[in-house]
Amino acid sequence: SWARGRESRTGPSADLDTGVPTAARVYDVMLDGKDNYAVDRAVAEASLAVMPELKEIAIHNRAILHRVVRHLAAEEGITQFLDLGSGLPTARNTHEVAQEANPEARVVYVDIDPIVLAHGRAILANDDNTRVVTADIREPQRVLAHPDTRALIDFDQPVCVILCGILHHLLDEEDPRGIVDALREAVAPGSFFFITNFTRLGDAPESAELEKVLLSQLGTGRVRTPQELAEFFTGLELLTPGIVPLPLWRPDEPVTDATSIAARFMTGGVGRKN
Ligand code: SAM
């Protein structure tokens, strides 16, 4: 488009193309953030037209992230977190939750979208225990070997690998299972994997409809079956309660809604490498 060509020639950074929507910025719209552009809001609007619950779903996704990180830092003694597809900084980021439980906790954020590094740098300027890496998890060895990853993460010690709301941005031909396998091979025993994903609901055609909208407007999007999601945990021991609708993973408060689309469209769990 005109906007696209113009931005890429004259924009502040060749990497920041405000004429093309990105997953990080569309998700920022869902969380009522400010770091998004008209193209991102258009994708968010089209997605919400198909599934109006998406904003609530994003909040559930943030809430389970917080519960998992707090649990692993406070109860399982995990001090290193590799947050893959971390998204734009928002309210209560991984390092804040982890460092509340353990001030020594170290977090490496990885995202393909350079806007995450641009915004992350500002909020992390004074935190030696946190870094932001711009990298593509479809190249897991590069992510693992990146100097900023190595600076904070000792792969001889247990680490929590976070794949929260990212694997549904990978198509099957991009081999998300192979990526998880490579990561699992690379980490020490005692490490954890936390994964959440869009889940195909047999009783809700909107889950398949949303996949079409995301694929056509964002160029990524794969809504997986519960079986496909379970396969990501191959070789890991699932923590109770297993792979469940997000609000049901060790809730802080009694769960009043476990049956709506908002509660069930994303599922997730935590697995341990023994
Ligand atoms: N993890 C955060 C959360 O759950 O709140 C953000 C999830 S957001 C829906 C997905 C993020 O994954 C986006 O920021 C996007 O840029 C990132 N992403 C998508 N594909 C990626 C890839 N191949 N490598 C690294 N990051 C990727």
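A residue is termed buried if 20 or more other C-beta atoms lie within 10 Å of its own, exposed if 12 or fewer do, and partly exposed in between, with C-beta atoms placed from the backbone. Arginine 92 has 14 C-beta neighbours inside 10 Å and therefore counts as partly exposed. The structure is a predicted model, in which local features need pLDDT of at least 70 and side-chain atom pairs count only at pLDDT 80 or more, while totals for chains, interfaces and linings use all residues. Residues are numbered from 1 along each chain as its sequence is written.

The predictor's confidence in each residue is expressed as pLDDT, from 0 to 100. The protein chain has an average pLDDT of 93, and 95% of the residues score at least 70. Over residues 1-14 pLDDT stays under 50, and the model has 13 contacts beyond four places in sequence for this stretch. Two residues are in contact if their C-beta atoms, placed from the backbone, lie within 7 Å. For the complex, the predictor gives an ipTM of 0.99 and a pTM of 0.94.

Helices (H or I, at least four residues) and strands (E, at least two) are DSSP runs, numbered from the N terminus. Arginine 92 is placed in the loop between strand E1 (80-84) and helix H5 (94-101). Its phi is near 50°, a positive value in a residue other than glycine. Apart from neighbours within four places in sequence, arginine 92 is in contact with His66 and Val97.

A positive phi, near 40°, is also found at arginine 250, again a residue other than glycine. Arginine 250 lies in the loop between E7 and helix H12 (261-264). With 14 C-beta neighbours inside 10 Å, arginine 250 counts as partly exposed. Threonine 240 and proline 241 are joined by a cis peptide bond, with omega about 10°.

Helix H3 (residues 38-50) packs with helix H10 (residues 206-218) at an angle of about 165°, and their axes are 9 Å apart. Axes are lines fitted to C-alpha atoms, for helices over the stretch in contact, and angles run from 0 to 180 degrees between N-to-C directions. H3 and H10 are therefore roughly antiparallel to each other, a term for angles over 145 degrees. In H3, Val43, Ala46, Ser47 and Val50 meet Glu206, Glu209, Leu210, Val213, Leu214, Gln217 and Leu218 in H10. The residues of this contact comprise seven nonpolar, two polar and two charged. Here Ala, Val, Leu, Ile, Met, Phe, Trp, Tyr, Cys and Pro count as nonpolar, Asp, Glu, Lys and Arg as charged, and the others, Gly among them, as polar.

Conventions. Angles under 35 degrees count as roughly parallel, over 145 as roughly antiparallel, 65 to 115 as roughly perpendicular and the rest as oblique.
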